[in-house]
Structures are given as structure tokens and as C-alpha cells.
Amino acid sequence: MLNGKTALVTGSTSGIGLGIAKALARQGANIVLNGFGDVDGSRAAVLDAGKAHGVKVAYHGADMSRPAEIEDMMKYAAGQFGQVDILVNNAGIQHVAPVQDFPVEKWDSIIAINLSSAFHTTRLALPAMQAAKWGRIINIASVHGLVGSAQKSAYVAAKHGIVGLTKVTALENAAIGVTCNAICPGWVLTPLVQKQIDAKAAEQGISIEEANKQLLGEKEPSLRFTTPDELGDLAVFFCSPAGNNICGVAWNMDGGWTAQ
Ligand code: NAD
């Protein structure tokens, strides 16, 4: 379905970004990976997912907190496979502390990585999408783009911000075949969440299994984690013809978290 298209997924060397990169590769899109850590393992996993279509995979290690590196990545991505048709803004970090104790440098990095990077990639990707009269921008927000949780001021502010950016980008491009939508996951068991589970277990002197149960029980009525593969399939849906007229939604996949 996506043969001949190119998808750039930020923060795709782990967790949700890697799941989405694999899902898009399964549909035949060439992939530009980004992020830190296990680059070779991620590249191999995405190549394997796209094997049937002979997809190509490139990588750029831009730090999403640095606009100059983001510009370099966007030029690189266009140079590799023509142009970016599908942009998935996924890179993100978390830090947990009450507002009065929130480290200022952590606030700045979370706003830069979880919000401003999406503005930069989007402004740089749009002209080619507009010229082609087809494009998909998918912002990985969170349930925290819709509701708040204590101790997560920077994250919740950034995620509400990216839902706003999603709506405006969708409106400005609604008539020209370029859609922009946000995905709002609840708990997904990735390294970002594992850190919070480990901290909960350590603080309360309970097992990881018990901490998992507590975490889900507090917020998620389905009592299970969403998987990166399920989120990948939702991203594919937005890229399918069924997504042609879906503009500016913040689509939760959260086991009922925000239905309460
Ligand atoms: P993760 O820690 O598994 O992956 C984060 C990815 O971002 C990694 O590839 C990492 O290398 C990359 N990254 C981090 N800082 C970067 C930087 N400065 N520049 C470039 N890349 C950088 O986390 P995840 O859980 O897969 O999170 C992915 C996205 O999903 C984030 O935006 C997160 O807020 C969002 N999200 C996660 C959950 C969850 O429960 N895990 C829920 C809702 C939303």
C-alpha cells in the first residue's frame, strides 16, 4: 500500500517509534530512522519487516533538541529517497517531579524534544508534501495531550501543545491532500515507562509485577499495556485511503483511560 513512499520516524530506535517504523515498512514504505542507542538492531528489524517489498532503510542521528541538526536530517532524508511523504513525530522523553522542584534544564529539554522538534520537522517537510498534494503527518502525543497527571508538568504541557500544533497543521493543509493527526497512547511498556515502574517498585518496596498492576489499575480500565505494534497499525490506518479525510484528530488508544 505504501510502496514508493518514504517515512521518517523520529525516535525510532526503540519502543513506539520502532513499532511504527516496522509497521510502515511492512506496507512497503522506505524508512528513515532516527534516535540513539541500538541503531544496527533497529535497522535490521525494519529491513526484516519490509523484506517482502525490498524496502530501503536509512538513518540520521540528529538530536531532536537541536534545530540545526533537525534541518540537516530533513535534507538528508529528502536526499536519500526523494522526499518525505510520511512524517512521524515520535521522539520523546519524560521526567517526573512536582512543579516547584522541576529542574529547569529538564523542562527545556522536554519542551524542545517533545514539542518544538515537531514544529521544525513539520515546517521543513510541508513544502514537498504540499507540492505533491499528498502527505501524512502523525504526531505521537499521549493521553497526557488530553488530560493531566501530577508530577508531569513539562510532559503534559508539551503533549497538550503538540495536540494544538496537530490541529493547526491539519487546518492549514485540509484542502490539499496533506493530513495531520495525533495518536494519544495510554501506557505502553517501553523503556520510557519501565523507568517509572522501576521507580514505583523501589519506592514502595514491591515487585515489578505488583508495580505494573498498580500502574495500570490507577489509570487504565483495560488493565493491559497498548503495544507498539497496535500503535503501528493505527499509523498505517492514517496513511491508508480511509485516512484521506481524517484531519486534526487526537486519537486515543488508551484502554479507556480518558473515557472515565
Ligand atoms: P522510548 O524511550 O522507548 O523511545 C524514545 C525514542 O526517542 C528512542 O528512540 C530515543 O533514542 C529517542 N530520543 C530520545 N531523545 C532524543 C533526542 N534528543 N533526539 C533524537 N531522538 C531521541 O520511549 P517510547 O515510550 O517509545 O516513547 C515514544 C513516544 O511515545 C514519546 O513521544 C512518548 O512521549 C510517547 N508516549 C509513550 C507512552 C508510553 O507509555 N510509553 C505513552 C504515550 C506517549
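Reader: Is the crossing of α6 and α7 left-handed or right-handed?

Author: The crossing of α6 and α7 is right-handed. Keep in mind that this is a predicted model.

Reader: What describes two packed helices?

Author: Two packed helices are described by the angle between their axes and by the distance between those axes. In this structure, helix α6 covers residues 191–204 and helix α7 covers residues 208–219. Their axes are 9 Å apart, and the helices pack at an angle of about 110°. Angles of 65 to 115 degrees count as roughly perpendicular, and α6 and α7 are therefore roughly perpendicular to each other.

Reader: Which residues of α6 and α7 make the contact?

Author: On the α6 side they are Val193, Gln194, Ile197, Asp198, Lys200, Ala201 and Gln204. On the α7 side they are Ile208, Ala211, Asn212, Gln214, Leu215 and Glu218. By class, this contact has six nonpolar, four polar and three charged residues.

Reader: At what angle do helix α4 and helix α5 pack?

Author: The angle is about 15°, and the axes are 8 Å apart. Helix α4 spans residues 104–132, and helix α5 spans residues 153–173. Angles under 35 degrees count as roughly parallel, so α4 is roughly parallel to α5. The crossing of α4 and α5 is right-handed. Among the α4 residues in the contact are Trp107, Ile111, Leu115, Phe119 and Leu126. The α5 residues include Tyr155, Ala158, Gly161, Ile162 and Leu165. The contact of α4 with α5 divides into 13 nonpolar, seven polar and one charged residues.

Reader: Leaving out residues up to four places away in sequence, what does Leu115 touch?

Author: Leu115 has its place in helix α4. With those sequence neighbours left out, Leu115 touches Ala158, Gly161 and Ile162, among others. As for Gly148, it lies 33 residues from Leu115 in sequence, and the two C-alpha atoms are 16 Å apart in space.

Reader: How do the axes of helix α1 and helix α8 cross?

Author: The axes of α1 (residues 15–26) and α8 (residues 228–239) come within 8 Å and cross at roughly 50°. That angle makes α1 oblique to α8. The crossing of this pair is right-handed. Gly15, Ile16, Gly19, Ile20, Ala23, Leu24 and Arg26 of α1 meet residues of α8, including Pro228, Leu231, Ala235 and Val236. Sorted by class, the residues of the contact are nine nonpolar, three polar and three charged.

Reader: Now the ligand. Which of the 30 residues around the ligand come nearest?

Author: Ser14, Asn90, Tyr155, Val188 and Thr190 come nearest. For Ser14, an N or O atom in the side chain is 2.6 Å from an oxygen atom of the ligand. For Val188, a polar backbone atom is 2.7 Å from a ligand oxygen. Gly11 also has a polar backbone atom 3.2 Å from an oxygen atom of the ligand.

Notes: Residues are numbered from 1 along each chain as its sequence is written. This is a predicted model: local features need pLDDT of at least 70, side-chain atom pairs count only at pLDDT 80 or more; totals for chains, interfaces and linings use all residues. Side-chain values use heavy atoms; hydrogens and water are left out. Axes are lines fitted to C-alpha atoms, for helices over the stretch in contact, and angles run from 0 to 180 degrees between N-to-C directions. Helices (H or I, at least four residues) and strands (E, at least two) are DSSP runs, numbered from the N terminus. Angles under 35 degrees count as roughly parallel, over 145 as roughly antiparallel, 65 to 115 as roughly perpendicular and the rest as oblique. A crossing is left-handed if the near helix is turned anticlockwise from the far one by less than a right angle, and right-handed if clockwise. Contact means heavy atoms within 4.5 Å. Ala, Val, Leu, Ile, Met, Phe, Trp, Tyr, Cys and Pro count as nonpolar, Asp, Glu, Lys and Arg as charged, and the others, Gly among them, as polar. A residue is near a molecule or strand if one of its heavy atoms lies within 4 Å of it. A polar contact is a pair of N or O atoms within 3.5 Å; within protein, one must be able to donate a hydrogen and the other to accept it, and residues adjacent in sequence count only if both atoms are side-chain atoms.
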